[in-house]
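Student: Hi! Could you walk me through this one while I have it open?
Tutor: Happy to, let's bring it up.

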Amino acid sequence: MVAIFLHIVLLFFIGLMLLAAAWDVTRFTIPNWLCVAVAILFPVAALLSGMGWELAGLHLLSGVLAFVLGFALFATGTLGGGDAKLFAAASLWFAWPVTLAYLFALVLAGGVFALVLLIVRYSAPHAGAIIRTSGRRHSCAARRCSRKAPRFPMESLWPPACSGFCRTRISMW
């Protein structure tokens, strides 16, 4: 009976992660309630699986290290705040060596998504109904840059600062 509940919790975890991915792809934000829900589900899964204190401590250490790494990447403007929080919450579900594999998979998936976004943005310049820019206009020579003003000094040094590749939002409905 416990195994059934554990499988239900794992399905909720998978569903929340898929919802977070869909939310991030369509709106470029991840709500806090999704990150909190992913983090809260972990202790339930740990109790249902009969996880020992040592292994639970490794999972907690993994989450804390992922939070520190995510916060550092957020502070430099490399990663969004929701991405950093979701990375930390999801890392609770993995012990430390597996978290590195999870990070590698995230980097690959993010790179593929960025390439697809670049290809769509530059191959279909009149796809305004599909891809809309968000944020207030930023002063640049092209006057088509919709990049928001940087929150941190280092964000203005990031390569796509004013190259036409700006923060976009994909509108699917």
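Predicted model: local features only at pLDDT ≥ 70, side-chain atom pairs only at ≥ 80, totals over all residues.

Student: Good. How many helices and strands does the protein chain have?
Tutor: There are 5 helices and 2 strands in the protein chain. Reading from the N terminus, the order is α-α-α-α-α-β-β.

Student: And what share of the residues counts as buried?
Tutor: Of 173 residues in the protein chain, 30% count as buried. The accessible surface is about 10,800 Å², with 76% of that area belonging to carbon and sulfur atoms.

Student: Now the helix pair. At what angle do helix 3 and helix 4 pack?
Tutor: Helix 3, residues 53-75, and helix 4, residues 81-91, pack at about 165°, and their axes are 7 Å apart. Angles over 145 degrees count as roughly antiparallel, so that is what helix 3 and helix 4 are to each other.

Student: Is their crossing left-handed or right-handed?
Tutor: Helix 3 and helix 4 make a right-handed crossing.

Student: Which residues make the contact?
Tutor: Helix 3 brings His 59, Ser 62, Gly 63, Ala 66, Phe 67, Leu 69, Gly 70, Phe 71 and Phe 74. From helix 4 come Gly 81, Ala 84, Phe 87, Ala 88 and Ser 91.

Student: How do those divide into nonpolar, polar and charged?
Tutor: The contact of helix 3 with helix 4 has 8 nonpolar residues, 6 polar ones and no charged ones.

Student: Back to the whole chain: what percentage of contacts join residues at least 24 apart?
Tutor: Among contacts between residues at least 6 apart in sequence, 58% join residues at least 24 apart.

Technical notes. Residues numbered from 1 in each chain as written. Heavy atoms only, no water. Axes fitted to C-alpha atoms, helices over the stretch in contact; angles between N-to-C directions. Helix = DSSP H or I, 4+ residues; strand = E, 2+ residues; numbered from the N terminus. Parallel < 35°, antiparallel > 145°, perpendicular 65-115°, else oblique. Left-handed = near helix turned anticlockwise from the far one by under 90°. Contact = heavy atoms within 4.5 Å. Nonpolar A, V, L, I, M, F, W, Y, C, P; charged D, E, K, R; others polar. Buried < 20%, exposed > 50% of the residue type's maximum accessible area, 1.4 Å probe, protein only. Areas by Shrake-Rupley, 256 points an atom, 1.4 Å probe, with all protein chains shown as cover.
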